[in-house]
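Work through the exercises below with the structure open. Each task is followed by its solution.

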Amino acid sequence: MAPDVRRPVVDLTEAEARRALPLKWGTVPDDVIPAWVAEMDYAVDPVVLEAVQRALADGVTGYPLDHYPELGEAYAGWAGRHFGWAPDAAAVRAVVDVTGGVRLAIDVLSGPEGVVFPTPGYNAQHRLAGITGRAEHLLEVPASAERAEIDLDRLDRLLADGAQTLILNQPHNPWGRAFTRAELEGIRDVVLRHGARVVCDEIFAPLVLPGAEHVSYLAIDGTHDHAVAVVSASKAFNTAGLKCAQLVVPSAADRARLDEEPMSRNDSYSALGVVAALAAYDHGDPWLASLVERLDQQRSLLGSLLATHLPEVRMRPLEATYLAWLDASAYGHDDAAAVALERGRVRLSDGASYAPGSTGHVRLNIATSPDRLTEIVERLAKAWT
Ligand SMILES: Cc1ncc(COP(=O)(O)O)c(C=O)c1O
């Protein structure tokens with residue numbers, strides 16, 4: 001297949017989705033539409049699929065190498081094309097997945113004191129601090145539709161009180177925000193003042209929608225001595241189960257520390273995951289362009305569906321990701337996700353798992369077909385109103 005011919009996004013039928021996405025679709029009853037976990041109801045890019053099928057046919061089912069220089073080259077090439085900035089290819093290491101990369105970076109590179117975690121924040125990374133043996137400090141940001149910025153004064157206080165690491169997720173799940181260069185510079189200034197570290201989860205960088213841009217934290221001057229980024233093609237290409245993300249480590253001293261770690265610290269990424277990542281970075285641009293176009297359409301559709309059926313729902317305009325953070329509190333249900341499931345037969349993600357204590361918020365995954373998104377919002381309207 002010619003790699004540079006534009007390839008369309010293909011919607012999975014319900015039966016196909018149930019086979020392809022066992023977590024998202026296989027864990028709900030037949031009458032429930034799942035719009036929760038961050039997986040897309042789209043067929044995998046044929047170029048990525050072909051590469052993985054070829055590797056399987058070749059019998060690539062054994063251990064991976066402990067270093068893949070070509071993965072660094074592929075990521076650097078891809079980042080340069082997409083963001084106008086690229087890390088040194090030699091700065092890239094394979095890791096099992098993004099969450100594993102965040103954990104590895106904290107374990108090996110961070111001081112022993114607390115970890116700052118902005119909330120709402122990706123639910124599976126709540127308590128990651130504890131898993132690395134460090135205290136977790138939630139940096140609460142009011143979970144409102146209007147405000148979705150890191151509170152620099154609060155960050156300053158937490159670092160002054162002794163926290164030593166910030167887990168920054170940008171583009172942000174579930175705010176759907178792509179932070180601006182100025183915002184990132186503000187964060188850098190606070191972090192530098194306290195000699196703290198940043199572990200930046202940039203998994204959604206490929207999914208910045210028209211009107212916004214992704215600026216890597218590592219593209220900001222003065223970040224290389226205190227920061228790493230964890231990146232992956234897996235969210236944009238629906239290949240999370242193949243297990244290969246990348247840790248970008250610009251400091252040679254940090255790399256030396258990581259490279260000295262025993263294999264058992266980072267031995268879980270898979271050779272097939274590397275194959276998928278290489279195919280996505282080297283040949284996935286034509287499919288990714290179609291995907292971003294589709295997600296842009298889905299975001300507009302969601303806006304009009306909400307205006308028609310659920311006008312009291314508040315939502316910041318989605319700048320990135322396919323995850324909409326909805327404030328449905330005006331409809332008076334503390335646990336809006338539970339009501340959506342019980343009465344609407346739609347499974348959403350409960351906002352309280354991203355922002356402990358918040359009520360009336362949900363996260364809605366819009367990476368599906370226009371028809372299914374329409375049905376979802378119509379069902380939510382019946383359930384909540
Ligand atoms: C912000 C964020 N980081 C990481 C992940 C998970 O990535 P991985 O499966 O590579 O750990 C997700 C999954 O949705 C996410 O939203």
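**Exercise 1.** How far is an oxygen atom of the ligand from a polar backbone atom of V98?

Solution. The model is predicted, so local features need pLDDT of at least 70 and side-chain atom pairs pLDDT 80 or more, while totals for chains, interfaces and linings use all residues. Residues are numbered from 1 along each chain as its sequence is written, and side-chain values use heavy atoms, without hydrogens and water.

Step 1. The distance to V98 is 2.7 Å; a polar contact is a pair of N or O atoms within 3.5 Å.

Step 2. A ligand oxygen also lies 2.9 Å from an N or O atom in the side chain of T99.

Step 3. For D201, a polar side-chain atom is 2.5 Å from a nitrogen atom of the ligand.

Step 4. Alone, the ligand exposes 400 Å², and the protein buries 93% of that (Shrake-Rupley method, 1.4 Å probe).

**Exercise 2.** Why is the pair of W78 and F83 edge-to-face?

Solution. Step 1. Rings of Phe, Tyr and Trp (its six-membered ring) pair if their centres lie within 6.5 Å; planes under 30 degrees apart are stacked, over 60 edge-to-face, and the rest tilted.

Step 2. The structure has eight aromatic pairs. In the pair of W78 and F83, the centres are 5.3 Å apart and the planes stand at 85 degrees, so the pair is edge-to-face.

Step 3. Buried means under 20% relative accessible area, exposed over 50%, and partly exposed in between (1.4 Å probe, protein chains only). W78 is buried at 2%, and F83 is buried at 19%.

Step 4. Ring pairs join Y75, W78, F83 and Y281 into a cluster.

Terms used. Polar contact = N/O pair within 3.5 Å; in protein donor to acceptor, adjacent residues only side chain to side chain.
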